[in-house]
Amino acid sequence: VYPTFTVGIGVNAHLGELKGSVSFEAFDNHDSPMLVMYYADWCGHCKRAKPHFEELMKKNLNGVKVMAINAEDKSNADLVKSQNIQGFPTIRWYPSGLNSDYKEFEGDRTLEGFQDFISNMMKNN
């Protein structure tokens with residue numbers, strides 16, 4: 001069970017599934033760095049990566065937002081299409097919101113792999 005993702009709460013990280021109608025303008029206008037995993041429930045690689053991604057939310061990430069988006073949920077269709085998501089999981093680093101240039105995550109899908117990636121991306125910002 002995941003908490004519902006909420007924009008604008010002053011905590012270090014968020015993890016949740018986007019449900020229902022969500023205004024993606026809030027994400028587009030958000031300038032915080034984001035690590036986003038687009039997943040599908042049937043995807044075995046997603047099922048293996050998700051527990052590590054969930055653990056990531058418990059860490060102090062210096063303002064980095066962490067979000068999992070169910071790409072098969074019809075309410076997320078516009079976002080998935082706008083981001084040209086082709087395979088699962090797709091994990092991306094957005095340095096300043098969803099409209100910023102992104103970097104694909106290609107490392108180990110482990111807690112340590114995610115933390116190392118975030119650390120490297122923060123150094124390069």
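I looked up lysine 58 and found it exposed, at 61% relative accessibility. My cut-offs here are under 20% relative accessible area for buried, over 50% for exposed, and partly exposed in between, with a 1.4 Å probe and protein chains only. This is a predicted model, so I ask for pLDDT of at least 70 for local features and 80 or more for side-chain atom pairs, while totals for chains, interfaces and linings use all residues. I number residues from 1 along each chain as its sequence is written, and side-chain values use heavy atoms, with hydrogens and water left out.

Which residue forms a salt bridge with lysine 58? I found glutamate 55 there, with the closest N and O atoms 3.4 Å apart. I count a salt bridge when a side-chain nitrogen of Lys or Arg is within 4 Å of a carboxyl oxygen of Asp or Glu. Glutamate 55 is partly exposed, with a relative accessible area of 30%.

**The other entry on charge**

The structure holds 2 salt bridges. I also noted glutamate 104 with arginine 92, at 2.9 Å from N to O. Glutamate 104 sits in strand β4 (residues 103-104) and arginine 92 in strand β3 (residues 90-94), so this pair ties together parts 12 residues apart in sequence. Is arginine 92 buried or exposed? Arginine 92 is buried at 3%, whereas glutamate 104 is partly exposed at 28%.

**Cysteines**

I searched the whole structure for disulfides and got 0; the test is a pair of cysteine sulfur atoms within 2.5 Å. I checked two cysteines for burial anyway. Cysteine 43 is buried, with a relative accessible area of 3%, and cysteine 46 is buried too, at 1%.

**Asparagine 70**

I placed asparagine 70 in strand β2 (residues 65-70), and at 9% relative accessibility it counts as buried. What does its side chain reach? I found the backbone nitrogen of glutamate 72, at 2.9 Å.

**The whole chain**

I counted 4 helices and 4 strands, taken as DSSP runs numbered from the N terminus (H or I, at least four residues, for helices; E, at least two, for strands). Along the sequence the pattern reads α-β-α-β-α-β-β-α. Of the 125 residues, 44% count as buried.

For contacts (heavy atoms within 4.5 Å), I took residues at least 6 apart in sequence, and 69% of those contacts join residues at least 24 apart. The accessible surface, by the Shrake-Rupley method with a 1.4 Å probe, comes to about 6900 Å², and 45% of that belongs to carbon and sulfur atoms.

Technical notes: Polar contact = N/O pair within 3.5 Å; in protein donor to acceptor, adjacent residues only side chain to side chain.
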